[in-house]
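The reader may wish to keep the structure in view throughout.

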Amino acid sequence: MKPSSSLHFKTYLLIFLMVIFGPLGNVLLGKGMKRIGAASMGTTPGAIDFVSHVVTSGTIWLGIGSLVTFFVAYMLVLSWADYSYVQPASSAAYGMVALLAHFMLREVVTPTRWMGVLLICLGVLVVGQTPPRTTEPR
Amino acid sequence: MREIILYLLIIGAGTGGELCVSRAMKVVGEVKDFRPAALVRFFARALRVSWMWVGVTMMGIAFFSLLAVLSKENVSLVVPVTALSYAAGALGGKFFLGEKVTRRRWAGVLLVCIGVAIVITGRR
């Protein structure tokens, strides 16, 4: 395997993991937070109450676990690929969030919103055709 | 007003945090060995870079702001709004990290941003 194709393979693999676990984490956090209810963090007792509800929620911890997986993949890919490449490339996650929110949380996603999601995915394809590294390794 | 501040924190602290983490990772260098022991050594090295701590703190602030917003709004709205960080991210990549952002990449980022804007206006 050529070095450049190896670099592309591991970049795509880690971005794939980011696209799965990032949205899953956000959807689980959304589910957990909907159960907890609106946060009233204007006062100290309100903020403490909010944080205590957050740290005792199993769904929130599952969401955090997913986001940690996302974050590890993200850190690894950033060790060789440009930030301005990785961030837009991982925006396919927005399509995934809409899908998961629709099927897991029963959120209503309007046709207009789906169209926006499609445009985001198109943007991702354009970004994906650019080289993963433009700076010299230090 | 409260929600706008929270969104600004998610976008500002989130993007700033990611830029700092990215800078720290570039200091640590490319991961070439994916064996568990090597990965642990890699992350231990990353934790010795001060940019990593600044980044993680900022991402923590963004995380709790995200939780606060998610307690009131739908995930399918909140997450696209946070994508406003794309413009900030591309600018940060160019000016803070010294990356070359090509015209094609700018076009992709722009397309993503237009998509995000449409997602936001698709509110019921």
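Predicted model: local features only at pLDDT ≥ 70, side-chain atom pairs only at ≥ 80, totals over all residues.

An α-helix has 3.6 residues a turn, so residues three or four places apart point the same way. H6 of chain B comprises 19 residues, 103-121. From first C-alpha to last, this helix reaches 27 Å, close to the 27 Å expected at 1.5 Å a residue.

Chain B as a whole has 6 helices and 0 strands, giving the pattern α-α-α-α-α-α along the sequence. Its C-alpha atoms fill a box of roughly 50 × 35 × 25 Å along the principal axes. Of its 124 residues, 52% count as buried. Among contacts in chain B with a separation of 6 or more, 77% are accounted for by residues 24 or more positions apart. The accessible surface of the chain is about 6,100 Å², with 68% belonging to carbon and sulfur atoms. The chain carries 16 positive and 6 negative charges, whose mean positions are 5 Å apart.

In soluble globular proteins, nonpolar side chains tend to be buried together. Here the largest nonpolar core has 33 residues, and those with the most contacts inside it are A:Leu29, A:Met33, B:Tyr7, B:Leu67 and B:Leu70. Helix H3 of chain B, residues 50-70, gives the most to this core, with 6 residues. Beyond its neighbours within four places in sequence, A:Met33 is in contact with A:Phe50, A:Val54 and A:Ile60, and also with B:Leu67, B:Leu70 and B:Ser71. A second, separate core of 29 residues includes A:Val19, A:Leu76, A:Leu78 and B:Val31.

Notes: Residues numbered from 1 in each chain as written. Chains lettered and ligands numbered in written order. Heavy atoms only, no water. Helix = DSSP H or I, 4+ residues; strand = E, 2+ residues; numbered from the N terminus. Buried < 20%, exposed > 50% of the residue type's maximum accessible area, 1.4 Å probe, protein only. Contact = heavy atoms within 4.5 Å. Areas by Shrake-Rupley, 256 points an atom, 1.4 Å probe, with all protein chains shown as cover. Lys, Arg positive; Asp, Glu negative; His and termini not counted. Charge placed at Lys NZ, Arg CZ, Asp CG, Glu CD. Expected span 1.5 Å × (residues − 1). Core = buried A, V, L, I, M, F, W, Y, C linked by side-chain atoms within 4.5 Å.
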